[in-house]
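I open a notebook on a structure that is new to me. The entries below follow the order in which I looked things up.

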Amino acid sequence: MSAECIFCRIAAGALPAVKIYEDADTLAFLDIGPIVKGHALVIPRQHYDPITQTPEPVLARLMAVVKKIAQAQMNGLRADGVNVIQANGAAAGQMVPHLHFHVIPRYRADGHHWNWAAKKYEQPEEMQRLAAAIQAAL
Ligand code: AMP
Ligand code: ZN
């Protein structure tokens, strides 16, 4: 646990949170700044960050809880859909550097719109080049 990490402090019970699920490894609680009310965060109790430094068994356990919370938002809050979001690094909009998945209940008329500004590849070769660069690094 890191004393400065707010999610470590929540996991240790040193900071309050509105918890909705917990087990030996994982905790889910409501985000204090919901995009849509009922917006939850799923975190490992242990401090990991970013996703690329997190062991796969930890990710597998987290994802099982993400699925459980998404289903509970649909059944318990009558959500029409759910967004699952996870940020790595400030460039990606991450504010809290302790791995977490946002699980956000969505409604047909919830009024939230992502600023999803889709671009275009000018040349098909550019798309091929980027795909090759990613593949070469796998
Ligand atoms: P991210 O930008 O992915 O790092 O998101 C961090 C999220 O943590 C934000 O949506 C915040 O509203 C949320 N947050 C920060 N502090 C707390 C807290 N003490 N309890 C619950 N949620 C928090
Ligand atoms: Zn932490």
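**Entry 1. Ground rules.** I take helices (H or I, at least four residues) and strands (E, at least two) as DSSP runs, numbered from the N terminus. The model is predicted, and local features need pLDDT of at least 70, side-chain atom pairs count only at pLDDT 80 or more, while totals for chains, interfaces and linings use all residues. Residues are numbered from 1 along each chain as its sequence is written, chains are lettered from A and ligands numbered from 1 in the order in which they are written, and side-chain values use heavy atoms, with hydrogens and water left out.

**Entry 2. Overall layout.** I looked up the secondary structure and found three helices and five strands. Read from the N terminus, their order is α-β-β-β-α-β-β-α. Along the principal axes, the C-alpha atoms fill a box of roughly 50 × 40 × 25 Å. I use "buried" for under 20% relative accessible area, "exposed" for over 50% and "partly exposed" for what lies in between (1.4 Å probe, protein chains only). Of the 138 residues, 31% count as buried. Contact means heavy atoms within 4.5 Å. Among contacts with a separation of 6 or more, 52% come from residues 24 or more positions apart.

**Entry 3. Zinc site.** Which residues coordinate the zinc ion (ligand 2)? I count as donors N, O and S atoms within 2.8 Å of the metal (3.2 Å for Na, K and Ca); water is not among the atoms, so sites may look incomplete. The donors are Cys5 (SG), Cys8 (SG), His47 (ND1) and His98 (ND1), at 2.0 to 2.2 Å. Their spacing along the chain is C-x2-C-x38-H-x50-H. His47 sits in the loop between strand 3 and helix 2, and His98 in the loop between strand 4 (81-85) and strand 5, so this pair ties together parts that are 51 residues apart in sequence. For geometry, four donors count as tetrahedral if all angles lie between 85 and 135 degrees. The four donor atoms here subtend angles of 105 to 117 degrees, and the arrangement is therefore tetrahedral. I also checked accessibility: His47 is partly exposed at 32%, whereas His98 is buried at 0%.

**Entry 4. Nonpolar cores.** A nonpolar core is a set of buried Ala, Val, Leu, Ile, Met, Phe, Trp, Tyr and Cys residues joined through side-chain atoms within 4.5 Å. The largest one has 14 residues, of which Val42, Leu62, Val66, Ile69, Phe101 and Val103 touch the most other members. Strand 3 (40-44), helix 2 (56-76) and strand 5 (101-106) are the elements that give two or more residues to this core. Helix 2 supplies the largest share, seven residues. Another core, of ten residues, lies apart from it and has Cys5, Cys8, Ile10 and Ala11 among its members. Leaving out residues up to four places away in sequence, I find Leu62 touching Thr26, Val42, Ile43, Pro44, Leu99 and Phe101.

**Entry 5. Gln94.** This residue is in the loop between strand 4 and strand 5. Is Gln94 buried or exposed? Gln94 is buried, with a relative accessible area of 12%. A polar contact is a pair of N or O atoms within 3.5 Å; within protein, one must be able to donate a hydrogen and the other to accept it, and residues adjacent in sequence count only if both atoms are side-chain atoms. The side chain of Gln94 makes such a contact with the side chain of Asp49, at 2.9 Å. A polar atom of the Gln94 side chain also lies 2.6 Å from the backbone nitrogen of Gly89.

**Entry 6. Arg106.** Arg106 belongs to strand 5 and is buried at 14% relative accessibility. Its side chain reaches the backbone oxygen of His112 at 2.9 Å.

**Entry 7. Backbone.** Most residues other than glycine have a negative phi, and most peptide bonds are trans. I noted Arg78, where phi is near 55 degrees, a positive value. Arg78 is placed in the loop between helix 2 and strand 4 and is exposed, with a relative accessible area of 68%. The peptide bond from Asp49 to Pro50 is cis, with omega near -10 degrees. Pro50 lies in the loop between strand 3 and helix 2.

Conventions. Tetrahedral: all angles 85-135°; square planar, octahedral: opposite > 155°, others 65-115°.
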